[in-house]
Amino acid sequence: MSMGRKLRTLLRERRYIYTPGITTPLHAMIVEKAGYEFVYMGGYDVSLTLLGLPDVGLITGTEMATNARHIARSVNLPVIADADTGYGNAVNVIQTVREFEAAGVAGIHIEDQVSPKRCGHVAGKLVIPLEEAVGKLKAALDARKDPDFIIMARTDAIAAVGGGLDEGIRRGKAYARAGCDMLFAEFPTADIEMPRRFAAEVHKEFPSLPLYFNYSSNLKWHESKVTFDDIAALGYKAMHVSLAGMRATMMATWDYAVDLKARGAQAEIDFQRKLLAHPMGGYHEFAGFPEIRAWEEKYLPPEEVKKKYDGATRW
């Protein structure tokens with residue numbers, strides 16, 4: 001079963017699925033180990049993590065597809081990857097789909113922003129004309145080799161300059177008519193009324209179209225208290241918490257670095273004690289060293305294996 005088909009099966013059989021948005025293969029492996037059913041790789045976090053640059057269209061499609069390839073290889077879960085604007089016009093989109101499909105992901109989403117794009121939750125977003133956006137989506141659908149590879153259309157029109165909810169709905173319906181497999185709209189607030197109206201209007205015409213939701217870390221969910229169940233009840237089938245892996249990593253690394261600066265070796269001693277009791281404490285095992293040793297014992301000359309491991313107490 002291809003990863004695209006695996007994801008389609010999940011969408012069909014589950015009421016809804018959700019996952020923390022991640023950046024790296026390590027994050028993806030943790031997500032898999034924690035019991036999630038799919039992986040989401042975002043663009044903001046990959047740009048900041050890999051390049052140290054903000055999400056304003058500075059990362060290339062090849063860099064994103066390469067990172068997606070490493071993530072897809074590291075887990076046995078379907079991966080949805082952010083493909084930004086497709087990195088150009090309809091012709092560029094064809095190459096983008098080919099690269100991401102070859103990378104082994106289950107699907108991608110392509111947005112209707114002007115290129116170079118920017119994070120969907122910062123000011124200054126512009127969207128391309130609807131006709132051009134539909135053409136890019138059709139090019140993406142025609143470019144895939146596996147019909148189960150998911151092409152998700154994303155509209156940023158709701159919060160774009162000159163846009164609004166009605167424009168987002170208009171575009172969502174146009175992308176559905178063009179044949180997208182899933183539909184994703186970015187919403188500018190944590191209020192549930194916009195997602196409710198968007199889903200209701202789209203599903204009037206396309207009742208079986210899966211909708212995707214970004215439980216964006218940029219929005220004030222701690223104030224609105226909207227839950228995943230609330231969103232799923234509107235008809236959204238899949239969702240992610242954006243920048244989850246990046247933010248958790250940033251906070252934990254910052255706290256460790258500040259503590260180490262203040263207390264020196266004692267901070268590392270205390271951290272080691274804490275880590276030993278944590279599920280990630282066995283990081284050599286998690287990384288796969290036992291499997292490497294098993295392969296060596298199976299395929300390398302016995303004397304070479306003996307030389308490597310005689311007297312060793314760990315992997």
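This is a predicted model: local features need pLDDT of at least 70, side-chain atom pairs count only at pLDDT 80 or more; totals for chains, interfaces and linings use all residues.
**Entry 1: helix 6 against helix 7**

I began with how two packed helices are described, which is by the angle between their axes and the distance between the axes. For helix 6 (residues 130-143) and helix 7 (residues 165-178), I found axes that come within 10 Å and cross at roughly 35°. I then looked up the hand, and the crossing of helix 6 past helix 7 is right-handed.

Next I listed who touches whom. Helix 6 brings Leu130, Ala133, Val134, Leu137, Lys138 and Leu141, and these meet Arg170, Arg171, Ala174, Tyr175 and Ala178 of helix 7. Sorted by class, I get 8 nonpolar and 3 charged residues in this contact, with no polar ones.

**Entry 2: a cis peptide bond**

I kept in mind that most peptide bonds are trans. The bond from Ser115 to Pro116 is cis, and I noted its omega as near 5°. I placed Pro116 in the loop that runs between strand 4 (107-111) and helix 6.

**Entry 3: positive phi values**

Most residues other than glycine have a negative phi, and I wrote down two residues that go the other way.

Asp84 has a phi near 50°. I found Asp84 in the loop between strand 3 (79-82) and helix 5 (90-102). Is Asp84 buried or exposed? Its relative accessible area is 3%, under the 20% cut-off, so I marked Asp84 as buried.

Leu243 has a phi near 60°, and its loop lies between strand 8 (236-241) and helix 11 (244-263). I marked Leu243 as buried too, because its relative accessible area is 9%.

Terms used: Residues are numbered from 1 along each chain as its sequence is written. Side-chain values use heavy atoms; hydrogens and water are left out. Axes are lines fitted to C-alpha atoms, for helices over the stretch in contact, and angles run from 0 to 180 degrees between N-to-C directions. Helices (H or I, at least four residues) and strands (E, at least two) are DSSP runs, numbered from the N terminus. A crossing is left-handed if the near helix is turned anticlockwise from the far one by less than a right angle, and right-handed if clockwise. Contact means heavy atoms within 4.5 Å. Ala, Val, Leu, Ile, Met, Phe, Trp, Tyr, Cys and Pro count as nonpolar, Asp, Glu, Lys and Arg as charged, and the others, Gly among them, as polar. Buried means under 20% relative accessible area, exposed over 50%, partly exposed in between (1.4 Å probe, protein chains only).
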